[in-house]
Amino acid sequence: MSEFVLAVKDLHVTFRGRRRDVEAVRGCSIQVRPGEVLGLVGESGSGKSQLSLACMGLTAESGEVSGSIVLAGTELVGADKETIRDLRGDKIAMIFQNPMTALNPFYRVGDQLADILRVHHEMTDKEARSALEKSFKEVALPDPKAALSKFPHQFSGGQLQRIMIALAVSCEAEVLIADEPTTALDVTTQKQVTDLLRRLVDEMQLGLIFITHDMSVVAELADRVAVMRQGEIIEQGTVADVMGHPQHEYTQLLLASVPMLGDKKSTPPCSGFLSQDARVEGDSFLEVRRLSKTYPTRGGVVHALKEVDFRLMAGECSALVGESGSGKTTLAMSLLQLLQPSAGQIYFEGKEISKNERKALKEARRNISVVFQNPYSSLNPRMRIVDIVGEPLLVLTDLDQATIRARVIASLESVGLSAEHLQRYPHAFSGGQRQRIALARALVLEPKLIILDEPTAALDVSVQAQVVELLNELRERKKVAFLFITHDLALVERLANRVLVLYQGEIIERGTVEEVFQNPQQAYTKNLLASAPRFESFQKRIHQS
Amino acid sequence: MSAADDELTLSERAGDLIKHNRLFVVGLIIAVSFLLIALTASWIAPHDPQAIDFDTKLAAPSSQHFFGTDVLGRDIFSRVLHGARTSLLTGVLVVSMALLIGLPVGLIAGYYGGRVDMVMMRIADVFLAFPPLLLPIAITAALGPGLYNALMALAVSWFPWYARILRSSVIAVKEELFVKSSQAMGMNPIRIMLKHVLPNSTTPVIVQASMDFGYTILAAASLSFIGMGARPPTIEWGLMISSSRSIFLEYWWTAFFPGLAIFILVWGANLLGDGIRDLLDPHYKDKR
């Protein structure tokens with residue numbers, strides 16, 4: 001019996017394809033001791049999910065697994081399905097990225113979880129329920145008894161993730177694999193979940209494999225780190241070793257790309273050309289007055305936006321910060337009348353824009369572009385890049401084909417792509433490249449304002465850093481104003497010079513980035529700032545461990 | 001999950017399908033041969049399909065008349081060959097007319113939603129409320145029997161299916177961000193619908209249409225059989241069976257061969273439809 005609760009040795013996972021075989025995992029070896037957190041870091045496509053699925057015996061049928069996986073003394077590779085199924089949910093459990101889809105929305109939480117315990121541990125319904133209640137208490141879920149008879153949609157994302165952890169706890173699993181468990185959660189909730197995991201690992205002597213792309217979370221939580229790239233583990237060791245003295249240049253790149261507060265790698269944004277005094281009347285070109293959006297519900301109305309007031313100055317980069325459900329996206333959609341506001345006015349260059357003011361609206365739409373969060377959905381898969389980027393020009397201007405083409409190329413070049421990409425379709429590009437294409441489309445009309453709705457949220461960290469660089473550069477060069485919608489405070493610090501904090505549909509705090517970040521007035525803003533990963537504490541954690 | 005498969009192009013997937021799915025190949029061969037027969041019927045038919053010869057009436061299948069002759073002494077083999085024309089035309093016309101009405105209805109209803117959707121879909125519901133063949137029978141009865149009236153009636157009772165299917169995929173596609181960003185640019189809604197929404201939402205309709213091809217042939221033959229479809233002298237398989245209704249117990253070949261032709265063509269069309277579904281829908285992976 002080894003000291004490791006899970007030991008993976010020289011693991012290969014290969015998918016047979018038609019044109020070529022895809023080797024998702026190539027010779028990985030990892031070990032986890034009881035009471036230890038292994039941070040498995042890598043970007044999308046690095047094979048980290050395939051590695052963990054293999055540990056669960058959940059590799060898809062078309063995949064071939066070779067090597068050795070020893071879980072609590074049992075070899076998994078080559079074991080029959082019965083054995084693996086018995087171990088799953090007993091010795092090893094997994095929690096997934098999106099807790100919203102992990103539970104069946106049709107059944108009460110208590111019913112579906114108790115079922116799992118009854119099958120695996122031969123408990124009666126009553127025993128299972130009391131075990132669940134106990135572990136709900138363990139994960140600090142409010143009112144554990146009532147929680148059992150609720151439906152999944154009655155919980156928030158963070159609470160659902162706690163429920164999934166509670167299930168693993170009540171199964172008395174020895175190894176827990178957490179696949180990006182905090183990525184879908186808000187910053188403040190993220191912190192609670194990672195704190196909870198750490199406590200459980202220490203108290204119950206769990207072995208935890210924490211899969212993530214976020215180095216700052218790993219620094220907070222893990223004891224040891226394994227960095228994965230293209231199916232291989234390129235670096236492995238204690239947090240202090242790997243993060244303090246990264247050997248591989250990819251690890252160095254990952255570390256340099258992590259957005260963290262207080263780590264100003266780039267020049268202070270918007271230096272020079274803009275007026276710092278927000279009260280200068282003449283400069284404001286977009287003004288929002290008492291904008292509200294309400295949705296009727298059975299019990300009354302829901303206020304998505306409550307009397308929002310703000311103005312944007314030419315060439316300025318403002319950030320709109322808030323967590324999911326705060327009304328950020330509703331606000332962006334309302335600005336362009338993609339959603340009809342319930343009350344309030346929007347003025348663009350002094351003229352009101354609304355559904356009835358068609359001319360002003362058209363003028364505004366020509367001068368305001370949007371870049372959306374998900375570059376996989378924002379480009380029409382059936383159109384070539386040249387048509388996607390050129391479409392705004394074709395539809396909204398009278399330019400001839402040759403001029404359009406020239407401007408498309410110029411726009412693509414300004415985001416770091418070139419004319420050779422013109423004839424391709426979106427599927428040929430990676431997420432970062434697609435976001436560049438979306439930016440090129442936004443820039444092609446030479447707008448005065450670009451609204452960026454979480455433009456980096458769907459991208460890998462190293463790609464995120466490139467996009468942020470690009471945005472900074474574009475703002476300097478093109479003098480275009482940005483309205484940057486995000487939940488990531490570190491990005492705000494790098495990109496914006498003014499910030500609006502949105503909480504439950506209201507702007508609760510506003511000011512320059514320095515003012516708000518150094519001296520937050522509202523409790524919510526303080527909490528938000530406290531939860532964000534910080535450069536100093538990151539450094540401290542690396543060097544002390 | 002199989003990462004490598006996602007990169008296959010349409011033609012490669014078609015190649016895979018031909019290699020692994022024998023039934024698709026059978027369907028393809030049937031469809032192609034019937035198409036060839038329909039195109040060349042005038043040259044390959046051994047006899048004039050309309051030539052009446054009372055001396056050889058109701059002759060059993062022989063080397064002279066492969067499928068025998070009917071009550072007027074016409075060569076059934078030649079008539080079956082010529083009938084392929086009518087049947088293929090039926091399938092193509094009904095499906096394409098139904099698409100022609102159904103696609104705009106579904107696109108507009110799905111894209112605009114709200115009251116427009118409400119009105120259009122309630123109208124479609126009226127058509128869907130009748131048993132499948134009853135509505136075409138009623139419409140043909142009102143218009144007067146005849147092949148083209150029957151086809152029209154079938155198309156009219158068919159279009160609500162396509163409208164409904166397209167509508168549901170349009171509702172999903174219009175939430176995609178590339179549609180939102182076109183709206184944000186202030187683009188003309190007609191352009192958005194035709195350029196961005198339609199090309200990304202037609203797959204389920206095409207799949208359904210290819211599966212319906214066989215069924216419409218069957219439906220048209222049924223209408224002809226009960227005297228609501230093709231009229232003599234049009235050569236139509238359903239009509240041939242119908243005209244031998246009173247005698248086919250003694251002279252089985254008068255009904256058997258036209259029936260066999262309907263069976264083979266509809267079977268082939270269904271196999272082909274299944275194959276097209278596999279081809280266009282990457283989510284549907286059969287176990288090979």
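Where in chain A does A:P34 lie? A:P34 sits in the loop between β2 (22-32) and β3 (36-41) of chain A. Helices (H or I, at least four residues) and strands (E, at least two) are DSSP runs, numbered from the N terminus.

This is a predicted model: local features need pLDDT of at least 70, side-chain atom pairs count only at pLDDT 80 or more, and totals for chains, interfaces and linings use all residues. Residues are numbered from 1 along each chain as its sequence is written, and chains are lettered from A and ligands numbered from 1 in the order in which they are written.

**View 1. Surroundings of A:P34.** A:P34 counts as partly exposed because it has 17 C-beta neighbours inside 10 Å. (Buried means 20 or more other C-beta atoms within 10 Å of the residue's own, exposed means 12 or fewer, and partly exposed is in between; C-beta atoms are placed from the backbone.) Leaving out residues up to four places away in sequence, A:P34 touches A:V5, A:E174, A:Q205 and A:G207. Contact means C-beta atoms, placed from the backbone, within 7 Å. A:S135 is 101 residues from A:P34 in sequence and 19 Å away in space, C-alpha to C-alpha.

**View 2. The open sheet β2-β1-β4-β5 of chain A.** Its four strands pair antiparallel. Two strands pair if DSSP finds at least two bridges between them. β2 and β5 (74-75) stand at the edges with a single partner strand each, so one side of each has no neighbour in the sheet. β1 (residues 6-15) and β2 of chain A share eight antiparallel bridges. A:H12 stands opposite A:R26 in β2(A). Helix α1 (residues 48-55) of chain A packs on the sheet and touches β1, β2 and β4 (63-71) of chain A. The direction of α1 makes about 115° with that of β1(A). (Axes are lines fitted to C-alpha atoms, for helices over the stretch in contact; angles run from 0 to 180 degrees between N-to-C directions.)

**View 3. The largest nonpolar core.** This core has 235 residues. A nonpolar core is a set of buried Ala, Val, Leu, Ile, Met, Phe, Trp, Tyr and Cys residues joined through C-beta atoms within 7 Å. A:A168, A:F210, A:F484 and B:Y162 touch the most other members. Helix α3 (residues 76-112) of chain B gives the most, 15 residues. Beyond four places in sequence, A:F484 touches residues including A:C317, A:L452 and A:L495.

**View 4. Chain B against chain A.** Here 21 residues of chain B contact 25 residues of chain A. On the chain B side, α7 (177-184) and α8 (189-197) are the elements that give two or more residues. The largest share, six residues, comes from α7(B).

Technical notes: Contact = placed C-beta atoms within 7 Å.
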